[in-house]
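Dear colleague,

I am passing on the model we spoke about, and I would be grateful if you could look through it alongside the notes that follow.

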Amino acid sequence: MSASKKDMRTPLGRVLAHGSAKSGTGDHIRQRITALAMVPLGLFFTGFAVSLVGADYETARAALGNPFIAVAALLFVVAAIMHMRIGMQIVIEDYVTGARLRSLALIGNFFFSYAVGLACLYAVAKIGFGG
Amino acid sequence: MRRRAINNEATHAGPSGSADLLVARNGVLRMAEQRQAVERPLSPHLQIYRLTITMAMSILHRIVGVALYAGTALAAWWLIATATGPEAYAAFRSVADHWFGQLVLFGFTWALLHHLFSGIRYLVWDEIVATSPKAADRISWAAAIAALAATVLVWAVICTMRGAI
């Protein structure tokens with residue numbers, strides 16, 4: 001609201017085109033669908049992780065290599081990464097001020113989410129295909 | 001300039017026509033201009049409101065979500081280690097079996113289950129169910145307690161398994 005007195009634009013003119021990007025609803029729905037998917041997946045993988053407590057390398061690999069487990073794990077990773085990318089974006093947009101810092105944080109959020117996500121997907125696929 | 005134009009319009013409007021409307025528009029315009037100079041009140045924040053369970057759960061949901069975000073790196077490490085080979089897996093195990101690793105994993109378990117149970121509330125509320133203050137409080141307490149109970153259950157199972165091994 002620090003518009004100079006010489007600015008002849010109206011308050012409305014100043015804010016036009018600075019509002020919603022008109023793409024937030026997609027993220028809102030995606031956040032809820034991934035949440036719904038992760039209720040059973042989260043409970044299942046908590047149990048799965050417990051079953052692998054103290055497991056040796058061969059046991060862990062065989063368990064993760066089971067096709068059903070592997071596909072469920074891939075689903076879980078995809079849902080989790082999508083969910084956490086959106087969640088962190090909301091947190092950044094709420095608390096990180098300053099255009100430069102906010103942009104960097106948002107870009108970093110994408111980098112971290114995709115890096116972790118692809119690492120997990122690659123690992124599960126490698127175990128599943130026995131490479 | 002635009003204001004002057006509207007002023008002229010208002011001045012020239014006949015008594016029978018839309019003079020009232022134009023005066024009203026002029027008034028709105030003036031209010032909008034005044035508002036720029038006024039310090040706007042800030043909305044009350046955390047330290048102003050009495051702490052309620054729904055508020056605490058909302059804050060915790062966010063904090064725990066951010067913690068889980070970082071925690072995914074640990075999950076990725078576990079998967080990559082298992083995909084890489086016995087040595088990498090052993091290295092992961094040695095850290096995970098350390099008391100500090102166990103503490104982190106305990107926290108991870110609670111964070112995951114808390115975010116999960118707390119998150120179910122939002123899905124329920126999306127269906128306009130349990131939205132009254134009393135019901136909202138009740139399912140919030142239920143989610144917090146369920147998450148703690150589930151965490152204790154998980155680690156009781158783990159300890160029992162360890163005892164058996």
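Which hand does the crossing of helix 5 of chain A and helix 3 of chain B have? The crossing is left-handed, a crossing being left-handed if the near helix is turned anticlockwise from the far one by less than a right angle, and right-handed if clockwise.

Before the details, a word on conventions. This is a predicted model, in which local features need pLDDT of at least 70 and side-chain atom pairs count only at pLDDT 80 or more, whereas totals for chains, interfaces and linings use all residues. Residues are numbered from 1 along each chain as its sequence is written, and chains are lettered from A and ligands numbered from 1 in the order in which they are written.

Confidence

The model scores ipTM 0.85 and pTM 0.79. For chain B the mean pLDDT (the predictor's confidence in each residue, from 0 to 100) is 83, and 77% of the residues of chain B reach 70 or more. Over residues 1–24 of chain B, however, the pLDDT is below 50, and this stretch has 15 contacts in the model beyond near neighbours in sequence; here a contact is a pair of residues whose C-beta atoms, placed from the backbone, lie within 7 Å. Where pLDDT is low, the predicted coordinates should not be read in detail.

Chain B as a whole

Chain B has six helices and zero strands, these elements being DSSP runs numbered from the N terminus (H or I of at least four residues for helices, E of at least two for strands). Of its 165 residues, 18% count as buried, that is, with 20 or more other C-beta atoms within 10 Å of their own, against 12 or fewer for exposed and anything in between for partly exposed, with C-beta atoms placed from the backbone. Among the contacts in chain B with a separation of 6 or more, 57% are accounted for by residues 24 or more positions apart.

Within the chain, the axes of helix 3 of chain B and helix 5 of chain B come within 9 Å and cross at roughly 130°, where axes are lines fitted to C-alpha atoms, for helices over the stretch in contact, and angles run from 0 to 180 degrees between N-to-C directions. Helix 3 and helix 5 of chain B are therefore oblique to each other, given that angles under 35 degrees count as roughly parallel, over 145 as roughly antiparallel, 65 to 115 as roughly perpendicular and the rest as oblique. Their crossing is left-handed. The residues that make this contact include B:Met57, B:His61 and B:Val64 of helix 3 of chain B and B:Phe108, B:Ala111 and B:Leu112 of helix 5 of chain B.

The interface

In the interface, 33 residues of chain B are in contact with 30 residues of chain A. Helix 2 (19–37), helix 3 (53–84), helix 4 (86–97), helix 5 (99–126) and helix 6 (133–164) of chain B each supply at least two residues of the side of chain B that touches chain A, and helix 3 of chain B gives the most, with 13 residues. That side divides into 23 nonpolar, six polar and four charged residues, with Ala, Val, Leu, Ile, Met, Phe, Trp, Tyr, Cys and Pro counted as nonpolar, Asp, Glu, Lys and Arg as charged, and the others, Gly among them, as polar.

To return to the opening pair, helix 5 (residues 99–129) of chain A and helix 3 of chain B pack at an angle of about 30°, with their axes 8 Å apart, and are therefore roughly parallel to each other. Among the residues that meet there are A:Val116, A:Ala119 and A:Cys120 in helix 5 of chain A, and B:Thr72, B:Ala73 and B:Ala75 in helix 3 of chain B. The residues of this contact divide into 12 nonpolar, two polar and one charged.

Around the end of helix 5 of chain B

B:Leu123 lies in helix 5 of chain B and, not counting residues up to four places away in sequence, touches A:Arg32, A:Ala35 and A:Leu36. B:Val124 also has its place in helix 5 of chain B and, leaving aside neighbours within four places in sequence, is in contact with B:Val129, B:Ala130 and B:Ile139.

Both B:Ile128 and B:Ala130 lie in the loop between helix 5 and helix 6 of chain B. Although neither is a glycine, B:Ile128 has a positive phi of about 55° and B:Ala130 one of about 60°. B:Ile128 counts as exposed, with 7 C-beta neighbours inside 10 Å, whereas B:Ala130, with 16, counts as partly exposed.

With best wishes

Terms used
Two residues are in contact if their C-beta atoms, placed from the backbone, lie within 7 Å.
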